[in-house]
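I opened my notebook to look at contacts between side chains. Here is what I looked up, entry by entry.

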Amino acid sequence: MSGGPLSRTRNIGIMAHIDAGKTTTTERILYYTGVSHRMGEVHDGNAVMDWMAQEQERGITITSAATACRWRHHKINLIDTPGHVDFTIEVERCLRVLDGAVAVFCAVGGVEPQSETVWKQADRYQIPRIAFINKMDRTGADYLRVVDMMNTRLLTKPVLLQIPLGIEDKFRGVIDLVSMRSIVFDEGSMGTNFELTEIPPEFKEQAESARKRLLETVCELDDNLLELYLEGDTDIPTDLLYGTIRNATLGLKITPVLIGSAFKNKGIQQLLDAIVDFLPSPLDVPPVQGKNSKGMAVDRDVDGPLAALAFKVMNDPYTGNLTFLRIYSGTLLAGSGVYNSTADKKERIGRLLKMHANQREDIKEALAGDIIAAVGLKYTRTGDTLSDGDHPLILESMDFPEPVISIALYPKTRDEVDKLSRSLGRLLREDPSLKVRVDRETGQTILSGMGELHLEIVVDRLLREFQIEAIVGEPQVAFRETLSRPITTHYRHVKQTGGKGQFAEVVLIVEPMSRGAGLVFEDKITGGAIPKEFIKPVEEGIRSAMEAGTLAGYPVVDVKVCLSDGKFHEVDSSEMAFRMAGYMAFKEASKKCGPILLEPIMDVEVVTPGEFLGDVLGDLTSRRGKILGMESRSGTQTVGVRVPLARMFGYATDLRSRTQGRATFTMQFSHYEPAPHSVTEKVVADFRQSGGVHGQGEV
């Protein structure tokens, strides 16, 4: 491709379910593009992109790692994202700034739960994708089954561009269905070298049939190609075929599928070719929308005004906070001043860094289309926009999921209380899915996150990076409360203590909403019954009251509150008075609206040998699980089930003991639903017995 640096740039992410081979694929990409001179292995704990101690010990990716490489005169900015659902926020914020993605699927496991989650995240951001079916050398590999699962589970149109030369231990190469040539990898060179040959006779018929399916799918998308195909012309120009596949990929009409074995170094060069050929440059995707006095689309121009989005903040022991930025427009210079439009703060860029996992290289400038890290930003947080002070704008930010599990932290010494607070503050800047609050009654620090592993990693980092030893309480379920019926409540706040008093009167109509609605606040005041400047404090008071419900002290969600009437006093009314009136009115309403407890429900997938299926099902049922379906896969049984999170603590150990360590499971948050009466009674009783502290017992 031609057209300047932007057209030769690819900002892509590698995404997959845990253990699909995502990081190994990334390591091979770095090797073949010359960034690495050795091949790091996840199982040896020396993968370049898994640089955190916790990642190397567990053999998983926890934090997204960014790097840059070159292939066929193209610059590829590459982000390796986590596959474990507890770190889904890492995927979310990376997809926000990427133009394309490679989805890696295991040829044996197929489309697994986290694969579906990250695929839906990419759908939300309309990101073009190509798929790489990995581990074709594994026993039980079945690429056609994976393609079928992509079609039925991901609701995409997968298009095979390759078929394998042999499978499992006989996998030695692929047949390229576009050029109709065989690519045979040299076993002696561990697959690093390959040879282009004619298609072996025994694969000729299979290849011709697969190419026919490819042409039938792609020809529907281009009139010129369709005309040639209908005329019986099988010698279709390769450039025309490639161009049609590219346009269909960019239009989210198809997902090109390649196959290989990253661990055996087979198929990586062809994957790199596909990244260049089929995934978008910054010029191929719609311009991001900025908000200013007029509203505008951000031009992707290095000479235009600066527009950059901070998508990640990372604590670095050597440089302090590293802020990762995607530059959408303009040029960013080291040492220059910028304007944080979101926080309304002036910032100064100390240094600009080109990142390679945890290694970095100083650069003097970053241009539109670049993904880099900046040092020296004091106020910038994840989702903030940096812009030119003369052309301020705010880019669309990101939504972060609510945590579902909590633990209590107790510093071992009084001296470490302030140190813990400061350290958690730094971790909160890094991870927007982490929440911290201090219990008003007990003084406990309550840490909330996306799962047990998520919180385990945070506690481990507190010890290693910040040298804080803390006593950790048992995991607690993040229940929620909501209301079951509507009510109209009237509250009058009057306080006279000599001098100026406090006066505020409000009428609220409170009613329940559907799950996920949060708080919907409506101002229906007419005739100036309450001045405009007091409306916002009423809403603030309501939001404050919702932080702790009247049933068991959990946050209240999914309600609509309409401020319908009220009164004020010329002298005694104030923002504080109306904030208190909103707070107390909602508290009174929530007691009378039939408060109910909501519990988090998890989607669980268990893969077990068939002989243990009965025991696994019985155990899941005893945990109040609802079986969604079962599927046979290569001698194993896969069970889909929904289970309350409260009943899943310790499940990993129980599952290992029941199946001789041979079963595995994945779990991710699904939704909140009303808890059974028996569960509600126990949670409320524990809460009252503990004097307003959330209990830790199993429900």
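Started with phenylalanine 534, which is buried at a relative accessible area of 10%. For the cut-offs, I call a residue buried under 20% relative accessible area, exposed over 50% and partly exposed in between, with a 1.4 Å probe and protein chains only.

Ground rules before I go on. This is a predicted model, so I note that local features need pLDDT of at least 70 and side-chain atom pairs count only at pLDDT 80 or more, while totals for chains, interfaces and linings use all residues. Residues are numbered from 1 along each chain as its sequence is written, and side-chain values use heavy atoms, with hydrogens and water left out.

**Aromatic pairs**

The rings of phenylalanine 534 and phenylalanine 578 have centres 4.8 Å apart and planes at 15°, so I logged the pair as stacked. My rule here: rings of Phe, Tyr and Trp (its six-membered ring) pair if their centres lie within 6.5 Å, and planes under 30 degrees apart are stacked, over 60 edge-to-face, the rest tilted. Phenylalanine 534 sits in the loop between β33 (519-523) and α12, and phenylalanine 578 is in helix α13 (residues 575-592), so this pair links distant parts of the chain, 44 residues apart. Helices (H or I, at least four residues) and strands (E, at least two) are DSSP runs, numbered from the N terminus.

How many aromatic pairs does the whole structure hold? My search found nine. One of them is phenylalanine 105 with tryptophan 119, a tilted pair at 6.3 Å centre to centre with 40° between the planes. Phenylalanine 105 belongs to strand β4 (residues 100-106) and tryptophan 119 to helix α4 (residues 113-124), so the pair ties together parts 14 residues apart in sequence. Phenylalanine 105 is buried at 2%, and tryptophan 119 counts as buried at 3%.

**Salt bridges**

I counted 35 salt bridges, taking a side-chain nitrogen of Lys or Arg within 4 Å of a carboxyl oxygen of Asp or Glu. I looked at arginine 351 and aspartate 362, which meet at 3.0 Å, N to O. Arginine 351 lies in strand β19 (residues 351-356) and aspartate 362 in strand β20 (residues 359-363), so this bridge ties together parts eleven residues apart in sequence. Arginine 351 is partly exposed at 32%, and aspartate 362 is partly exposed at 47%.

Next, lysine 532 bridges to aspartate 523, with the closest N and O atoms 3.5 Å apart. Is lysine 532 buried or exposed? Lysine 532 counts as exposed, at 66%, while aspartate 523 is partly exposed at 32%.

Glutamate 539 and lysine 536 also form a bridge, at 3.9 Å, N to O. Both lie in helix α12 (residues 535-545), three residues apart, about one turn of the helix. Glutamate 539 is buried at 13%. I also found a network of salt bridges that links Asp615, Asp619, Arg623, Asp654 and Arg658.

**Charges over rings**

Lysine 345 has its charged end over the ring of tyrosine 379, 4.9 Å from the centre. I also noted lysine 312 over the face of phenylalanine 324, at 5.6 Å from the ring centre. The test is NZ of Lys or CZ of Arg within 6 Å of the ring centre and within 35 degrees of the ring normal.
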